[in-house]
Amino acid sequence: MFPPAEDVKPQIRLRVYDAKTPFPKELHGTYDLVHAHHLVAAMVVPPDWTPLLLNLLTIVKPGGYIQWEEPNFYSTLVRCSLPTTRSKHMPEVARTLVSAEMKERVAHGWNELPALIKEAGLDMVVADVVSSDRVLKGRRGYSGNLIKLFFGGSRLATEQGTPGAKSFAKIDRSEKQLMEEIESGSYCWTDIHSTIGRKPS
Ligand SMILES: C[S@@+](CC[C@H](N)C(=O)[O-])C[C@H]1O[C@@H](n2cnc3c(N)ncnc32)[C@H](O)[C@@H]1O
């Protein structure tokens, strides 16, 4: 989910790393702030959280900070921005986020990070909760990203021949319906849990 190249300021350099494997030595202790955001979909539960945290901490400068934000999908609600908003299919997205297959995955991270960050030896640990819709213009993008993630998983299941997987035509149709609902002002709302901690100098 990189921004388009034309939106990237010249002083910013983007690089791709696998955060689950050790970072190159030359990056160790180089960042004042490491920000991690919405990695829950990439996590195997629960053993991934602490190893990933410890790996991210290797690139934080002593005295620098880590900030990690994760959604609590159990809190997901479907909301309508306008009286004309259509929201027939969006509730299914909210239900899927806490369905039997997702339940174990979404039970971790958002509620555990403050303790994990303290256990990793960080100080000045502060935890906060914000609403995903607090920035008006972010509502559409947040829900659109959720939908892309949602259908990305469905398409992978179809490609892999998973029993019960939907046809590509059905996935395309459902995605179009949901994107139209988002355009009309429908969106998913969740609590977002944010934890920040300082690596001791
Ligand atoms: C739900 S998206 C969140 C994207 C972005 N952080 C945001 O909040 O808009 C999850 C992201 O985790 C990334 N991801 C998955 N596994 C990863 C890994 N092992 N190392 C680094 N990034 C990973 C995916 O590429 C994807 O962009």
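**Close-up views of a predicted chain**

Of the 201 residues in the chain, 20% are buried (a residue is buried if 20 or more other C-beta atoms, placed from the backbone, lie within 10 Å of its own). The model is predicted, so local features need pLDDT of at least 70 and side-chain atom pairs count only at pLDDT 80 or more, while totals for chains, interfaces and linings use all residues. Residues are numbered from 1 along each chain as its sequence is written.

**Figure 1. The elements of the chain.** The chain holds six helices and four strands; these are DSSP runs, numbered from the N terminus, with at least four residues (H or I) for a helix and at least two (E) for a strand. Along the sequence they follow the pattern β-α-β-α-α-α-β-α-α-β.

**Figure 2. The open sheet.** Four strands with mixed pairing form an open sheet in the order β1-β2-β4-β3; two strands pair if DSSP finds at least two bridges between them. Because β1 (31-37) and β3 (123-131) each have a single partner strand, they stand at the edges, and one side of each is left without a neighbour in the sheet. From one strand to the next, the twist averages 15 degrees.

Figure 3. β1 and β2 run parallel and are joined by six bridges, with L33 opposite Y65 in β2.

**Figure 4. Antiparallel pairs around β4.** β2 and β4 run antiparallel and are joined by 12 bridges; here E70 stands opposite H193 in β4. β3 also pairs with β4 (residues 186-198) in the antiparallel sense, over seven bridges, and V130 stands opposite I192 in β4. Helix α2 (residues 90-97) packs on the sheet and touches β2 (60-80) and β4; two residues are in contact if their C-beta atoms, placed from the backbone, lie within 7 Å.

**Figure 5. Two packed helices.** The axes of helix α5 (residues 138-159) and helix α6 (residues 168-183) come within 11 Å and cross at roughly 175 degrees; axes are lines fitted to C-alpha atoms, for helices over the stretch in contact, and angles run from 0 to 180 degrees between N-to-C directions. The two helices α5 and α6 are therefore roughly antiparallel to each other (angles over 145 degrees). Residues making the contact include I147 and F151 of α5 and L178 and M179 of α6.

How values were computed:
Parallel < 35°, antiparallel > 145°, perpendicular 65-115°, else oblique. Buried ≥ 20, exposed ≤ 12 C-beta atoms within 10 Å, placed from the backbone.
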